[in-house]
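Me: Please take a close look at one strand position and the surroundings that matter for reading it. Keep it brisk.

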Amino acid sequence: AEVAPGAVHVPGWLTADEQRRLLDACREWARSPAGMRQTRLPGGGVMSVRTVCLGWHWVPYRYQRTADDGAPVKPFPAWLADLGRRAVATAYGHDGGYRPDIALVNFYDAEARMGQHQDKDERSLAPVVSLSIGDTCVFRFGNTRDRGRPWSDVQLESGDLFVFGGESRLAYHGVPKTLPGTAPPFLGLRGRLNLTLRESGLSP
Ligand code: MD3
Ligand code: FE
């Protein structure tokens with residue numbers, strides 16, 4: 001369903017097998033070195049969400065090659081780029097030559113939230129692909145002007161795909177809450193994982 005221009009929600013896109021495989025991959029990526037960490041914000045705060053990056057390591061306002069512990073960021077695997085292209089093709093009918101080279105894997109425990117923000121640190125305005133695994137969350141999709149209304153709240157469930165391109169690429173968005181205990185039992189996951197795939201626009 002097209003929720004706004006360029007914003008396409010495909011509920012239940014990932015099969016149970018694909019969700020399990022992605023979860024296994026996330027558990028591996030989460031390990032140190034260059035593993036999951038809570039991002040420190042410039043104002044001194046720390047994000048409640050835990051994040052591991054592939055391809056490029058995100059710190060507020062930029063991407064770098066080195067993780068917070070000084071280790072090289074983990075590689076972005078070719079199979080994940082293929083999945084990203086299939087995702088864009090499913091949402092838009094064609095993949096538009098999508099070549100993602102960044103993945104941000106966010107983990108939400110029962111308390112974690114993400115405030116309304118724009119994703120502006122990429123030099124490419126290619127779409128962002130979002131894949132949800134585990135607990136359902138309330139995803140707040142806002143406008144391109146500010147953090148306030150209008151917005152619409154959408155529940156994202158395990159296996160859902162969302163693609164944000166075109167006019168929606170610079171919309172404010174966030175996760176005001178998750179619904180603990182709603183993950184499908186076959187996953188054996190407490191919490192929520194979200195993978196976003198992006199194009200950096202940076203030279204390899
Ligand atoms: C709309 N992640 O990593 S996914 C993020 O569930 C982020 O972890 C949230 O916001 C999460 O930056 C939301 C949905 C999403 C991701 C990226 C977007 C929506 C977006 C980029 C532009 C517009
Ligand atoms: Fe975001």
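Reply: A residue is buried if 20 or more other C-beta atoms, placed from the backbone, lie within 10 Å of its own, exposed if 12 or fewer, and partly exposed in between. S152 has 13 C-beta neighbours inside 10 Å, so S152 counts as partly exposed. This is a predicted model: local features need pLDDT of at least 70, side-chain atom pairs count only at pLDDT 80 or more, and totals for chains, interfaces and linings use all residues. Residues are numbered from 1 along each chain as its sequence is written, while chains are lettered from A and ligands numbered from 1 in the order in which they are written.

S152 sits in strand β11, residues 152–156 (strands are DSSP E runs of at least two residues, numbered from the N terminus). Leaving out residues up to four places away in sequence, S152 touches V3 and F141 (contact: backbone-placed C-beta atoms within 7 Å). Q64 is 88 residues from S152 in sequence, and their C-alpha atoms are 33 Å apart.

Now the core. The largest nonpolar core has 45 residues (buried Ala, Val, Leu, Ile, Met, Phe, Trp, Tyr and Cys joined through C-beta atoms within 7 Å). C53, A103 and V163 have the most contacts inside this core. Strand β7, residues 102–108, gives the most to the core, with six residues. V163 touches V8, A87, V88, A91, P127 and V129, again not counting residues up to four places away in sequence.

Last, the record. An unreviewed UniProt entry annotates residues 99–201 as "domain: Fe2OG dioxygenase"; such annotations may be inferred rather than shown by experiment. The span is 0% helix and 46% strand, and its end C-alpha atoms lie 10 Å apart.

Terms used. Helix = DSSP H or I, 4+ residues; strand = E, 2+ residues; numbered from the N terminus. Contact = placed C-beta atoms within 7 Å.
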